[in-house]
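Here is a short tour of a protein model for you to follow along with in your viewer. Have the backbone angles and the secondary structure to hand as you read.

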Amino acid sequence: MQLYQNQHINIYNSLTGKKETFKPINSGYIGMYVCGPTVYSNVHLGNVRTFMSFDMVFRYLKHLGYKVRYVRNITDAGHLENDADVGEDKITKKARLEEIEPMEIVQRYTVDFHNVLDKFNFLPPSIEPTATGHIIEQIELISKIIDNGFAYEVNGSVYFDVHKYNETNDYGILSKRKLEDLIHNTRALDGQSDKRNPQDFALWKKAEPTHIMRWPSPWSDGFPGWHLECTAMSTKYLGEQFDIHGGGMDLKFPHHECEIAQNQAAKGQAPVNYWMHANMLELNGARMSKSTGNIINPAELLSGKNDIMSKGYSPSVIRFFMMQSAYRSVLDLTDAGLLASEKGFNRLMNAVDDLESLKTSNNSSFDIKKWKQNCYNAMNDDFNTPILIANLFEVVTHINAIKETRATITADDLKLLKETISTFVFDILGLKKTSEDNASGTDKLTGAVELLIALRKEARVNKDFALSDKIRDELAAVGIQLNDGRDGTTFSTN
Ligand SMILES: [Zn+2]
């Protein structure tokens with residue numbers, strides 16, 4: 001018996017604008033796709049919030065016992081400036097400015113993306129496919145859309161015919177936009193464009209002679225349009241219909257609208273049952289923007305090396321701060337907010353530590369089972385993490401009361417309380433204890449090697465030179481040199 005058989009989730013579906021009882025296509029299995037980053041710069045803190053929301057969703061679904069296949073792509077080609085069909089490829093532009101290969105840009109910022117997510121204790125997705133690794137699938141998809149009459153080729157580029165599509169389908173079904181309004185609000189084509197209508201979007205673009213990232217296709221040497229990769233990769237790994245598609249609110253239009261249109265045009269059916277959108281992260285009440293200087297990146301927020309915050313914050317405090325807001329709400333990042341979250345987080349962690357030394361009694365003055373179900377109820381209500389955290393603080397008050405002998409708990413209830421707190425705090429919210437959080441990889445290594453140096457010293461005192469030499473040689477074999485000096489032993493790495 002899996003937990004999901006008793007815990008029923010309601011998800012706010014952007015497609016219908018309503019909370020709906022979640023029912024997966026295949027009982028017990030969930031396919032979830034989230035649009036990943038375009039790797040041409042360091043990951044934006046707003047993106048960290050979006051991906052953190054879906055990390056929390058992934059963690060909860062797994063906890064309920066679902067077998068989840070979570071696909072989050074890496075956009076490494078085809079994303080043009082201003083998210084439009086014209087302009088330079090974002091990655092190519094950066095490569096040109098820095099005079100290096102586009103794939104060096106991709107590599108650098110993919111590594112940065114993973115490092116940052118790792119700091120914030122993200123679980124890796126099940127599959128992380130790249131756009132450049134799925135060119136063949138994208139070409140096949142374009143051919144299908146052309147065959148079905150919803151795309152046309154002009155001068156080596158292929159465009160999706162939005163007007164034709166809208167005759168039999170609803171372009172705007174997700175974003176609630178009407179094609180007539182879009183026509184009214186867009187400027188007419190200037191005669192330079194190959195498109196029939198300004199609303200049409202590129203499925204394939206013919207590469208200019210200077211464009212480095214290019215692939216052969218039936219239409220031209222070129223590259224795929226940005227919207228296409230997600231349709232190709234979600235279909236490949238999750239099937240033509242799958243359960244959950246997520247992304248930032250800013251992707252709803254045109255990106256997700258175009259994904260629906262591409263699927264519908266190629267396969268005659270809507271791809272996704274539940275569309276989920278995470279809201280924006282603001283900084284001191286305003287949109288983050290490089291041009292206004294109202295911006296802070298993850299590294300600056302962690303280190304405190306910035307002019308906006310009074311100090312640096314640990315990854316778990318930042319994560320806790322983000323989880324104190326529902327994923328669908330706009331979240332305002334402020335120093336006061338982070339300070340308050342830090343205080344709350346420390347209070348929670350102190351209570352978690354206190355659980356180990358609580359005295360038990362013959363009866364409980366608090367209904368732990370009911371409280372536990374309230375925690376589930378919060379998460380079942382569209383992943384309402386602020387309500388979950390309110391429940392956690394309710395039990396913190398109770399833990400403190402038991403500690404001060406103003407309340408009581410039985411041994412069985414204490415066991416249940418420990419398990420439940422560990423589940424929600426560490427497994428689902430993805431927080432880490434302060435001691436684990438602050439130690440960087442280097443600090444941990446130092447600690448471990450110093451322990452071995454101490455053991456070696458002890459071995460030498462006991463004249464166990466075989467063991468002492470073994471420690472030195474085995475460390476040397478993994479690249480750590482011990483240097484014996486007058487003031488003791490130090491180490492260096494290579
Ligand atoms: Zn996407």
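This is a predicted model: local features need pLDDT of at least 70, side-chain atom pairs count only at pLDDT 80 or more; totals for chains, interfaces and linings use all residues.

Helix H1 itself covers residues 45-63, which makes 19 residues. From its first C-alpha to its last it reaches 26 Å, close to the 27 Å expected at 1.5 Å a residue. Most of H1 is covered, with 17 of its 19 residues buried.

Another glycine to look at is Gly149, in the loop between helix H4 (135-147) and strand S5 (151-154). Is Gly149 buried or exposed? Gly149 is exposed, because 12 other C-beta atoms lie within 10 Å and a residue counts as exposed at 12 or fewer.

Now for a β-α-β unit: strand S9, helix H8 and strand S10 form one, and it is right-handed. Its parts are listed here.

| Element | Residues |
|---|---|
| Strand S9 | 242-248 |
| Helix H8 | 252-267 |
| Strand S10 | 272-278 |

S9 and S10 run parallel and pair over six bridges, with Phe242 opposite Val272 in S10. Six of the seven residues of S10 are buried, so this strand is largely enclosed by the rest of the structure.

Zooming out, the protein is divided into domain 1 (3-278), domain 2 (303-435) and domain 3 (439-493). Between the C-alpha centres of domain 2 and domain 3 there are 39 Å.

Note on methods. Residues are numbered from 1 along each chain as its sequence is written. Domain bounds come from an automatic or database domain assignment. A residue is buried if 20 or more other C-beta atoms lie within 10 Å of its own, exposed if 12 or fewer, and partly exposed in between; C-beta atoms are placed from the backbone. Helices (H or I, at least four residues) and strands (E, at least two) are DSSP runs, numbered from the N terminus. Two strands pair if DSSP finds at least two bridges between them. A crossover is right-handed if, with the strands pointing away from the viewer, the path from the first strand over the helix to the second runs clockwise. The expected span of a helix is 1.5 Å times one less than its number of residues.
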